[in-house]
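Colleague: I have the model open beside its sequence, and I would like to learn how to read it. Could you take me through it feature by feature?

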Amino acid sequence: MRNTRSIDIAEVLQAHWPMLARMAGSYAREPARRDDLLQEISIALWQALPRWRGEEGTLRAFIARVAHNRAMDALASEQRHRGSGLDEQFADPDADPLQQAARAQQHDDLLQAVRQLPLGLRQVVLLALEGFSQREIGQALALEENTVAQRLSRARRQLRERMGGTQ
């Protein structure tokens with residue numbers, strides 16, 4: 001299956017921006033660094049899109065893989081220099097303020113717990129939270145589907161423990 005039409009980077013970014021923003025937010029906590037990472041991801045996508053032919057999976061999985069790889073490069077670079085999602089900004093205006101505060105706290109707790117996961121588990125959780133199937137996660141991260149399933153299971157167990165779950 002060859003991709004014969006050119007892909008418009010503006011359309012891709014517009015269609016996938018929320019997912020990319022959440023991915024960048026899961027790798028970079030500070031807003032300025034998250035924005036820098038989003039810009040780096042956008043450039044990486046602009047450079048990579050002409051190479052996508054559809055043979056390696058869906059466009060969405062390809063985009064996630066490029067974003068993931070760029071984020072990993074950025075993390076590695078930061079660690080060399082320093083030694084060193086999920087971000088829903090718009091609350092429901094019709095919701096009760098107490099419910100909004102409770103949801104915001106749950107969201108913050110979940111994001112913190114996800115950030116504390118080992119990188120291999122965090123990667124699969126982030127893509128699963130974006131609605132990727134196990135097959136698509138495998139394509140995006142170059143993993144076997146069984147490996148994805150195992151990592152998701154371990155991640156869920158660790159998240160339950162960190163969030164105070166009893167199961």
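Colleague: Leaving aside neighbours within four places in sequence, which residues is Gln123 in contact with?

Modeller: Contact here means heavy atoms within 4.5 Å. By that rule Gln123 touches Tyr27, His68, Met72, Leu141 and Arg151, once its neighbours within four places in sequence are set aside. Before we go on, keep in mind that this is a predicted model: local features need pLDDT of at least 70, side-chain atom pairs count only at pLDDT 80 or more, and totals for chains, interfaces and linings use all residues. Residues are numbered from 1 along each chain as its sequence is written, and side-chain values use heavy atoms, with hydrogens and water left out.

Colleague: Where does Gln123 lie?

Modeller: In helix 5. Helices are DSSP runs of H or I with at least four residues, strands are E runs of at least two, and both are numbered from the N terminus.

Colleague: Does Gln123 count as buried or exposed?

Modeller: Buried means under 20% relative accessible area, exposed means over 50%, and partly exposed is in between, using a 1.4 Å probe and protein chains only. Gln123 has 10% relative accessibility, so it counts as buried.

Colleague: How many helices and strands does the protein have?

Modeller: There are 7 helices and 0 strands. Along the sequence that reads α-α-α-α-α-α-α. Of the 167 residues, 39% count as buried.

Colleague: At what angle do helix 1 and helix 2 pack?

Modeller: An axis is a line fitted to C-alpha atoms, for helices over the stretch in contact, and angles run from 0 to 180 degrees between N-to-C directions. Helix 1 (residues 9–27) and helix 2 (residues 31–48) pack at about 140°, and their axes are 9 Å apart. That makes helix 1 oblique to helix 2; under 35 degrees would be roughly parallel, over 145 roughly antiparallel, 65 to 115 roughly perpendicular, and the rest is oblique.

Colleague: Which residues in helix 1 meet helix 2?

Modeller: Ile9, Leu13, Trp17, Leu20, Ala21, Ala24, Gly25 and Tyr27 in helix 1 face Arg34, Leu37, Leu38, Ile41, Ser42, Leu45 and Trp46 in helix 2. By class, this contact has 12 nonpolar, 2 polar and 1 charged residues. Ala, Val, Leu, Ile, Met, Phe, Trp, Tyr, Cys and Pro count as nonpolar, Asp, Glu, Lys and Arg as charged, and the others, Gly among them, as polar.

Colleague: And how far apart are the axes of helix 1 and helix 5?

Modeller: Those axes are 11 Å apart, and the packing angle is about 160°. That makes helix 1 roughly antiparallel to helix 5. The crossing of helix 1 and helix 5 is right-handed. Met23, Ser26 and Tyr27 from helix 1 meet Leu119, Arg122, Gln123, Leu126 and Leu127 from helix 5.

Colleague: Which residues touch the most other members of the largest nonpolar core?

Modeller: A nonpolar core is a set of buried Ala, Val, Leu, Ile, Met, Phe, Trp, Tyr and Cys residues joined through side-chain atoms within 4.5 Å. Here the largest one has 42 residues, and Leu20, Leu37, Leu127 and Ile137 touch the most other members. Helix 1, helix 2, helix 3 (59–82), helix 4 (97–116), helix 5 (119–129), helix 6 (134–141) and helix 7 (145–162) each supply at least two residues. Helix 3 gives the largest share, 9 residues. Not counting residues up to four places away in sequence, Ile137 touches Val124, Leu127, Ala128, Phe132, Val148 and Leu152.

Colleague: How many residues of helix 6 are buried?

Modeller: Of its 8 residues, 6 are buried: Glu136, Ile137, Gly138, Gln139, Ala140 and Leu141. Ala142, in the loop between helix 6 and helix 7, has a positive phi of about 60° although it is not a glycine.

Colleague: Is Arg33 buried or exposed?

Modeller: Arg33, in helix 2, is buried, with a relative accessible area of 17%. Beyond its neighbours within four places in sequence, Arg33 is in contact with Ala28, Glu40, Ala74 and Glu78.

Conventions
A crossing is left-handed if the near helix is turned anticlockwise from the far one by less than a right angle, and right-handed if clockwise.
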